[in-house]
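Dear colleague,

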Amino acid sequence: MKCKKCGSKAVVNMRQHKLALCKEDYLEWVPEQAERFIKKYRMFSHADKILVAVSGGKDSLSLWEILVRLGYQADGLYIGLGIDGGFGYSSESHRLAARFAEERGLTLHIVDVEAEYGESIPVISEISQRGRGKPCAVCGLTKRHVMNRIARDRGYDVLATGHNLDDEAAVLFGNTLRWSGEFLRRQGPVLAEMPGMARKVKPLCRFYEREMTAYALLRGIEYIYEECPFAEGSTSIYYKEVLNKLENNRPGAKLTFYLSFLEARERGLFTEAGEVRQELHPCTNCGQPTTAPGLCSFCRMIDKVHGEIEIP
Ligand code: Q46
Ligand code: ZN
């Protein structure tokens, strides 16, 4: 297979785009495409301060690398969840994120959940009895809270996450199976800012997971190969497998599913009917917007864990 740009030997073959590229051209193509998506969805400009949530995995580290390469002002945020799984998942991902930043002279903010909130994610999950034996609900809530807090306190305009097309298509698949209007309305490459909350963007949302793996490997980014131990058996992994079967028979199906959704959303398919605008109030403890007056869900959860509020 020959590279479509230069004719030398191709190393990445993307059937979904009918495009094969050599290493050099692939490493140029990915940031070019990312820049195109950033502009198309009006995610941010060079004047914005961006905070990239880095987990130590291939997507978030590649995203950070690409944004810096494109000349954006992007710092990182690593959140230590205190998850071990028998192989030191959190300590290893922390090490890799810190090393990535250090080697490139980049700023990485580190928030260790146990040090700041008293307990690790698995322990908070046990005590608060949220999430039926899996800490993912607690983990998601905590990560959102910490990301918003650091973005607000350190003056970032935008929060960027490394969600790729496979992640987004799996979420979309789940939302569609349940016809969750509210979630469908809110799903997309950009979630607008609101008082107390930075804009959230997903610059990799149109890249297949395997495209990001290829980018990280070819770029020589060292990342954690293992998934979080709690990801095993999750519904989103099951949806990804189902979508991969579809993709294998029809290359491009996943991308079409996602892009057609974005077009339908753009046309107002999910905004006209039954839109319920919820009034938001600042949490009386942390100030982040919440639907019910009083404490937000995160502060309520930590309150339950400690019996009293002492939240940074
Ligand atoms: S890190 Fe957290 Fe994921 Fe692990 S505990 Fe679940 S939500 S699976 S992205
Ligand atoms: Zn709160």
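Along the chain, the donors of the zinc ion (ligand 2) follow the spacing C-x2-C-x9-C-x2-C. They are Cys283 (SG), Cys286 (SG), Cys296 (SG) and Cys299 (SG), at 2.3 to 2.4 Å from the ion; donors are N, O and S atoms within 2.8 Å of the metal (3.2 Å for Na, K and Ca), and water is not among the atoms, so sites may look incomplete. The 4 donor atoms subtend angles of 104 to 114° around the zinc ion, which makes the arrangement tetrahedral (for four donors, all angles between 85 and 135 degrees).

The model is predicted: local features need pLDDT of at least 70 and side-chain atom pairs pLDDT 80 or more, while totals for chains, interfaces and linings use all residues. Residues are numbered from 1 along each chain as its sequence is written, chains are lettered from A and ligands numbered from 1 in the order written, and side-chain values use heavy atoms, without hydrogens and water.

Cysteine 286 is buried, with a relative accessible area of 12%, and cysteine 296 is buried at 6% (buried means under 20% relative accessible area, with a 1.4 Å probe and protein chains only).

Around ligand 1 lie Leu81, Ile83, Cys136, Cys139, Lys143, Cys228, Phe230 and Ala231, each with a heavy atom within 4 Å of it. By class, this shell has 7 nonpolar, no polar and 1 charged residues.

Glycine 155, whose phi is positive, near 70°, follows H6.

With kind regards

Definitions and conventions
Helices (H or I, at least four residues) and strands (E, at least two) are DSSP runs, numbered from the N terminus. Ala, Val, Leu, Ile, Met, Phe, Trp, Tyr, Cys and Pro count as nonpolar, Asp, Glu, Lys and Arg as charged, and the others, Gly among them, as polar. Four donors count as tetrahedral if all angles lie between 85 and 135 degrees; four count as square planar and six as octahedral if opposite donors are over 155 degrees apart and all others between 65 and 115; anything else is irregular. Buried means under 20% relative accessible area, exposed over 50%, partly exposed in between (1.4 Å probe, protein chains only).
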